[in-house]
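Hello,

Here is the structure we talked about. My notes follow below it.

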Amino acid sequence: MEPQVRKIVRHVEELREENGRVLERPHRIALVAAILKNPFGIDGYVQDLVTLADELGEAVGELVGPECVALLDDEVEVFGKVALVGVGGETEHGSAIIHNLRFGNVFRKAAAGTELLPAAEKVGLMGAAIDVPLKHKLDAKTRSHHQTFTFRIEDAPRPDEIVIGCVAGNQGRPLARLATFGSEAPVSVA
């Protein structure tokens, strides 16, 4: 099954200066999002979300995952995923798609990552903002790379749509002064 796509959004931000300091290299964040017709409909409760999500997962992942990595035009260090469901649907509709390995593995492979993709999902009105958590692609505990990217699309999601997106960045937070990748002390758990 192929997703019904109304629109693809591509966005890149490049931060060159933070807190009055010029960065050694630009901090880049890329987003690719697909605005899809909600495949689960808006006519009422659907018990089996997994079967349809399995059918769509890889195709939706191919729409946004590799494209996001290509748009970043740099090595991916951080990544995350997002689902913003129109008010006719429910959060579980977006979760079914993005928390499906057939979706996530496409992006993880393109980004050469090994960690689980951090995610955000919610129901929202057209133009609603959503915060996407980003973590290091190889070690989610690397504090210097924990960050959030916020975006919104003015005409999405319509009540019968879902915005599905992948976000990738080329480094941790600008001017990070917490432990960086590879320098974390082991954490003991009681």
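**Asn-170 and the chain around it**

Asn-170 sits in the segment after strand S7 (161–169); strands are DSSP runs of E with at least two residues, helices are runs of H or I with at least four, and both are numbered from the N terminus. This is a predicted model: local features need pLDDT of at least 70, side-chain atom pairs count only at pLDDT 80 or more, and totals for chains, interfaces and linings use all residues. Residues are numbered from 1 along each chain as its sequence is written, and side-chain values use heavy atoms, with hydrogens and water left out.

Asn-170 is buried, at a relative accessible area of 2%. Buried means under 20% relative accessible area (1.4 Å probe, protein chains only). A polar atom of the Asn-170 side chain lies 2.8 Å from the backbone nitrogen of Arg-28. Leaving out residues up to four places away in sequence, Asn-170 touches Arg-25, Pro-26, His-27, Arg-28, Leu-72, Asp-74, Glu-75 and Glu-77. Contact means heavy atoms within 4.5 Å.

Now the whole chain. The protein chain has 3 helices and 7 strands. From the N terminus, the order is β-β-α-β-α-α-β-β-β-β. Its radius of gyration is 17 Å, close to the 16 Å that the globule rule gives for 190 residues, so the protein chain is as compact as a globular protein of that length. That radius is taken over C-alpha atoms, and the rule is 2.2 Å times the number of residues to the power 0.38. Buried residues make up 46% of the 190 residues.

Best wishes

Conventions: Buried means under 20% relative accessible area, exposed over 50%, partly exposed in between (1.4 Å probe, protein chains only). A polar contact is a pair of N or O atoms within 3.5 Å; within protein, one must be able to donate a hydrogen and the other to accept it, and residues adjacent in sequence count only if both atoms are side-chain atoms.
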